[in-house]
Amino acid sequence: MLPRERGDGKIQGWQRDRLAVVYVRQSSRQQVLDHGESTRLQYGLAERAVALGWSASRVLVIDEDLGRSAANAAERPGFARLVAEITMGHVGLVLGLEMSRLARVGRDWHQLIELCSLAGTLLADADGVYDPNWYNDRLLLGLKGTMTEVELHLIKQRMASGRLAKAGRGELVFPLPAGYVRRPSGEVALDPDGQVQAVVGLVFGLFEQLGTVHAVLRFLVEHQVQIGMRERSGPGKGEIVWRAPHQTGLINMLRNPAYAGIYAYGRSRTDRSRRLPGHQHSGRVRRLDAEEWLVRIEGALPAYISFGQYERNLARLAANRARAAAAGAPRNGPALLGGLVVCGICGHRMQVSYESNRQGLTGRYCCQRRHHTYGEARCQQMAARFLDDHVVAHVLSALAPAALELSVTAARQVEAHRAQGSTGSGGNAWNARNSSATGRGASISWPSPRTASWSASSSASGRPRWPNGRVWARSTSGISGNARHGCRPPNWPRSAPWPATSRHCGPRRRPALPTTSGCCVPSSSPSRSPSTAPPNASTPP
């Protein structure tokens, strides 16, 4: 107890009948671990309350805010409890090691002073006892609160300047996305695991071909492809964990400039009006233009894609959004020009609507923007089939001279697509995941789209198997068995054609196809061995 604190007339008997609250707080968990002396000094304020005339049973210690910053009262349950006790008139004295322990924001600090003034609660720190109803004490408390707020601002300013300077040199450490690792020297490198690299490259390749995030997600789910991530904390820090892909994760991968070799800092801002109580990282404004980033260093990181492909991905994502200014992603339905037809009267995009009749599903293009917005009559509408046939005829006539070149290009794309799933080039992640899922140690290769060949290697029998245990072998005499029925083997890519047949064992019927060598037939006879043809054999074009 400081001199003259008992006889200055500030502490009254009715205040000693209330609680004396000792508020304990430190800004971070690291401070709690490293600065134990500060914690002991704050808990020692309970003895000072006893020296001021409070009984030990009337001293309450509130320490729920250890490891929490005073910059926001919404994230401090201990401070909320203190305010509630003061409002109900249960507190006669609030003690803190210094006033910055209570609040570092002027809004919270002045609200606390006003509540203490109404409830007749005193405040005390290492310098003395203050009565908010005394003008000089209230003025001094206001100055102390202003100084603590300025101190917080200076601390944040120094930390932000240091981070920005370090990021400007490309040395600021931040969590790395999938496909990257940080070496002990601090250098960023591609993940040494070949399967992790293959999956990351597959995601960007699929988006380049398919054009939509949801199509990429469907492909990964259908083929049981998982994304390899490095654990960032815990006992398994640095180990690879395979996680199921999801839409948000794929979008973040496509938008992340690190995959194009760009070191970026300050791609988001914080809007205080959007912050949610209890959510520390809420209120961030993302999708800032590259010119608004605080730091942008090209070529600072190893790249998976080129900068041009990164910009094309961003443009494709923006075009796929269902907005009036964008065509949007292609939707289901027979209409071919959805999002491409513009009304010649009002200039808005025409919507596609479908209806069922005896002829099946028919669509029409209708301009109803002003009808929905202002209640006016629809501008115009027309049958989708009529306009589609007209446009298709003109497109085919324009492409007729290059038909052979387009066919060759399409065949190359199919072959490249099949090669991504082949195990002959060093093993891939999705086949490994499929083999572990079946529990048979099988490594499945995708079939040749031209000959419908399919091969696999099995550690048990040396012959590929279906999940039900039947052995499949390569036939040199033609299509037979389930292949003749039209059933596809497991993991047959949807983009690769399956030979049509006349027989039927499922919901689909296919026309007959001439006999082709190199197809898969079910067999249990040793004579039909996969060794009769080399793996992934294909018929020359």
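## Gln42 and its surroundings

Gln42 touches Val22, Tyr23, Val24, Arg25, Gln26, Leu97 and Arg101, leaving aside residues up to four places away in sequence; a contact here means heavy atoms within 4.5 Å. Gln42 sits in helix H3 (residues 36-43), where helices (H or I, at least four residues) and strands (E, at least two) are DSSP runs numbered from the N terminus. With a relative accessible area of 0%, Gln42 counts as buried. On this scale buried means under 20% relative accessible area, exposed over 50%, and partly exposed in between, using a 1.4 Å probe and protein chains only.

A word on the ground rules: this is a predicted model, in which local features need pLDDT of at least 70 and side-chain atom pairs count only at pLDDT 80 or more, while totals for chains, interfaces and linings use all residues. Residues are numbered from 1 along each chain as its sequence is written, and side-chain values use heavy atoms, with hydrogens and water left out.

## The chain as a whole

The chain has 16 helices and 20 strands. Of its 541 residues, 38% count as buried. The chain exposes about 30,200 Å², and carbon and sulfur atoms supply 53% of that area; the accessible areas come from the Shrake-Rupley method with a 1.4 Å probe, and for residues only the protein chains shown count as cover.

Among contacts in the chain with a separation of 6 or more, 59% are between residues 24 or more positions apart.

## The five-stranded sheet

Five strands make an open sheet with mixed pairing, in the order S2-S1-S3-S4-S5; two strands pair if DSSP finds at least two bridges between them. Strand S2 (59-66) and strand S5 (128-130) are at the edges with a single partner strand each, so one side of each is left without a neighbour in the sheet. From one strand to the next, the twist averages 25°.

Strand S1 (residues 19-26) and S2 pair in the parallel sense over six bridges, and Val22 stands opposite Val61 in S2. Helix H7 (residues 135-168) lies across strand S4 (122-125) and S5, and runs at about 110° to S5. For such angles, axes are lines fitted to C-alpha atoms (for helices over the stretch in contact), and values run from 0 to 180 degrees between N-to-C directions.

## Aromatic pairs

How many aromatic pairs does the count come to? The count is seven, where rings of Phe, Tyr and Trp (its six-membered ring) pair if their centres lie within 6.5 Å, with planes under 30 degrees apart called stacked, over 60 edge-to-face and the rest tilted. Tyr23 and Phe79 form an edge-to-face pair, at 6.5 Å centre to centre and 75° between the planes. Since Tyr23 lies in strand S1 and Phe79 in helix H5 (residues 77-87), the pair ties together parts that are 56 residues apart in sequence. Both Tyr23 and Phe79 are buried. The rings of Phe307 and Tyr310 have centres 6.4 Å apart and planes at 35°, so this pair is tilted.

Phe307 and Tyr310 both lie in helix H11 (residues 307-320), three residues apart, about one turn of the helix. Phe307 is partly exposed at 29% relative accessible area, whereas Tyr310 counts as buried at 4%. Elsewhere, Tyr180, Phe204, Tyr259 and Tyr304 form one aromatic cluster. Arg76 lies over the face of Phe79, at 4.3 Å from the ring centre; a charge sits over a ring if NZ of Lys or CZ of Arg is within 6 Å of the ring centre and within 35 degrees of the ring normal.

## Two loop residues around helix H9

Gly211 is in the loop between helix H8 (194-210) and H9, and is buried with a relative accessible area of 4%. Gly211 touches Leu206, Arg316 and Asn320, not counting residues up to four places away in sequence.

Gln224 lies in the loop between helix H9 (213-222) and strand S8 (227-230). Most residues other than glycine have a negative phi. At 40% relative accessibility, Gln224 counts as partly exposed.

## The three-stranded sheet

Another open sheet has the order S14-S15-S16, with antiparallel pairing. Its edge strands are strand S14 (351-357) and strand S16 (381-383), each pairing on one side only. The twist here averages 30° from one strand to the next. Seven bridges join S14 to strand S15 (residues 360-366), and Asn357 stands opposite Gly360 in S15.
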